[in-house]
Amino acid sequence: MSEEKVTRAAVVTGGSRGIGAAAVLAFARAGYNVAFTYNSHPDAADSVRRQAEEINPDGLYLAIRADAGDPAQVRAAVARAEQELGSLQVLVCNAGIAQVKLFTDTTDEDWRRMMAVDLDGAFYACRAVLPGMTPPGWTQTGQRPPWPRS
C-alpha cells in the first residue's frame, strides 16, 4: 500500500513579528506550508520566511504584503495563498495594531483604523478563507443547512 503525503497549509495574518511570527515558525516545524501577511516591516517578513525555510526546507512559505483592514487586499492575499499552496486547513487571525498614546489622546480616526485592522480584519480573513474550507453542501458551522443551497 503506497502512502500518500498529505500537504497541510495555513494562513497567518500579521505573521512578520511577535506572536504571528512564532505561529508561522510553529507551523513550519509541524510540516505545514504557510502563507502569512504583513503590512509593514518587509525585512522582518523576509526574515520569518527564511527562518521557516531553514526549519523545514521542503515547505513553501509566502510572505504577502496586505493591509488586514482592507477587504480587497485580504481577498487577494487568500487567493494567492490558495493558488500557490492549494487547499487551506488553518487560519490564524493575528494581525493587529495598537495606538501608543493615552486613550484620551486617541482620535476617532485612530480608533477607526485600529478597529478596521483588529476587528474587521479578522472578519475579512474568515470570510475569504471559509468558502475554500467548507465542503460542498455544508455551512461554515459544519452542519448541513435545513434548506437547499442555491
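This is a predicted model: local features need pLDDT of at least 70, side-chain atom pairs count only at pLDDT 80 or more; totals for chains, interfaces and linings use all residues.
Which residues lie nearest the centre of the largest pocket? Of the 18 residues that line the largest pocket, Gly 14, Arg 17, Asn 39, Gly 96 and Ile 97 lie nearest its centre. Residues are numbered from 1 along each chain as its sequence is written, and side-chain values use heavy atoms, with hydrogens and water left out.

Pockets and cavities were defined on a 1 Å grid over the protein atoms alone: a cavity is a set of points where a 1.4 Å probe fits but cannot get out, a pocket is an open set with protein on both sides within 12 Å along at least five of seven lines, and lining residues have an atom within 4 Å of a point. Grid points are joined across faces, edges and corners, and a volume is the space filled by probe spheres set on the points. The largest pocket holds about 370 Å³ of space. Its lining takes at least two residues from each of β2 (33-38) and α4 (108-133) (helices, H or I, at least four residues, and strands, E, at least two, are DSSP runs numbered from the N terminus). Six nonpolar, nine polar and three charged residues make up the lining of the largest pocket (nonpolar: Ala, Val, Leu, Ile, Met, Phe, Trp, Tyr, Cys and Pro; charged: Asp, Glu, Lys and Arg; polar: the others, Gly among them).

Four strands form an open sheet in the order β3-β2-β1-β4, with parallel pairing (two strands pair if DSSP finds at least two bridges between them). Because β3 (61-65) and β4 (90-93) are edge strands with a single partner each, one side of each has no neighbour in the sheet. From one strand to the next, the twist averages 15 degrees (axes are lines fitted to C-alpha atoms, for helices over the stretch in contact, and angles run from 0 to 180 degrees between N-to-C directions). Strand β1 (residues 9-13) runs parallel to β2 and is joined to β2 by four bridges; Ala 9 has Asn 33 of β2 as its bridge partner.

Helix α1 (residues 18-29) packs on the sheet and touches β1, β2, β3 and β4, its direction making about 170 degrees with that of β1 (contact means heavy atoms within 4.5 Å). Helix α4 also packs on the sheet, where it touches β1 and β4, and its direction makes about 180 degrees with that of β4. The axes of α3 (residues 71-85) and α4 come within 9 Å and cross at roughly 35 degrees. In this contact, Pro 71, Val 74, Arg 75, Val 78 and Glu 82 of α3 meet Tyr 124, Ala 125, Arg 127, Ala 128, Val 129 and Gly 132 of α4. The contact comprises seven nonpolar, one polar and three charged residues.

Two cavities of 30 Å³ or more were counted. The largest cavity has a volume of about 90 Å³, and the residues that line it include Val 11, Thr 13, Asp 67, Val 74 and Ala 125. Helix α3 gives the most to this lining, with three residues. Nine nonpolar, two polar and one charged residue line the largest cavity. The second largest cavity, of about 30 Å³, is lined by Thr 13, Cys 93, Ala 95, Val 117, Asp 118, Gly 121, Ala 122 and Ala 125. Helix α4 supplies the largest share of that lining, five residues.
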